[in-house]
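Visitor: I am new to this structure. Please show me how to read it.

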Amino acid sequence: MSVRVRRVHEPPEPEDGVRVLVDRLWPRGLTKEAARVDEWPKELTPSTGLRRWYHAEDRPFEEFRGRYEAELAAPGAAGALDRVRELAGKGPVTLLTASRHPERSHAAVLARLLGG
């Protein structure tokens, strides 16, 4: 499986494959045409409470990852994760996030779970 993480504001590349936005809110200042998002499974995003907890202070990424993985076990999130896993089994998938530090974001957790 080929899964990678990119910032949604970066221009699309041919090797992106299926472009999956994994943020709950649409990124500011970005048109849908420019983003070229193929899928937007909001069930894969961290809960508002978890997102606020993580960004409220300098929280450890490892603790965030554990809490987020627990949320991904819920039926809706697990089904959405299976859908993206299925897409990744057919070709490249790029997880898109507006996070300034994608390597310490929920997108990195998803990529690891998907084998990226």
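Guide: We take a helix and then the nonpolar cores. This is a predicted model, in which local features need pLDDT of at least 70, side-chain atom pairs count only at pLDDT 80 or more, and totals for chains, interfaces and linings use all residues. Residues are numbered from 1 along each chain as its sequence is written, and side-chain values use heavy atoms, without hydrogens and water.

Visitor: Which residues of α2 are buried?

Guide: Helices are DSSP runs (H or I, at least four residues), numbered from the N terminus. Buried means under 20% relative accessible area, exposed over 50%, with a 1.4 Å probe and protein chains only. In α2, the buried residues are L50, W53 and Y54. They lie on the same side of α2, because their arc around the axis is only 95°. That arc is taken from the directions from the helix axis to the C-beta atoms.

Visitor: What does the face turned away carry?

Guide: There you find the exposed residues R52, H55 and A56. On the buried side, the cover includes α3 (61-71).

Visitor: How many residues has the largest nonpolar core?

Guide: First, the general idea. In soluble globular proteins, nonpolar side chains tend to be buried together. A nonpolar core is a set of buried Ala, Val, Leu, Ile, Met, Phe, Trp, Tyr and Cys residues joined through side-chain atoms within 4.5 Å. Here the largest has 24 residues, and V93, L95 and L110 have the most contacts inside it. Helix α4 gives the most to this core, with 6 residues. Another core, of 5 residues, lies apart from it; V8 and L21 are among them.

Conventions. Helix = DSSP H or I, 4+ residues; strand = E, 2+ residues; numbered from the N terminus. Contact = heavy atoms within 4.5 Å.
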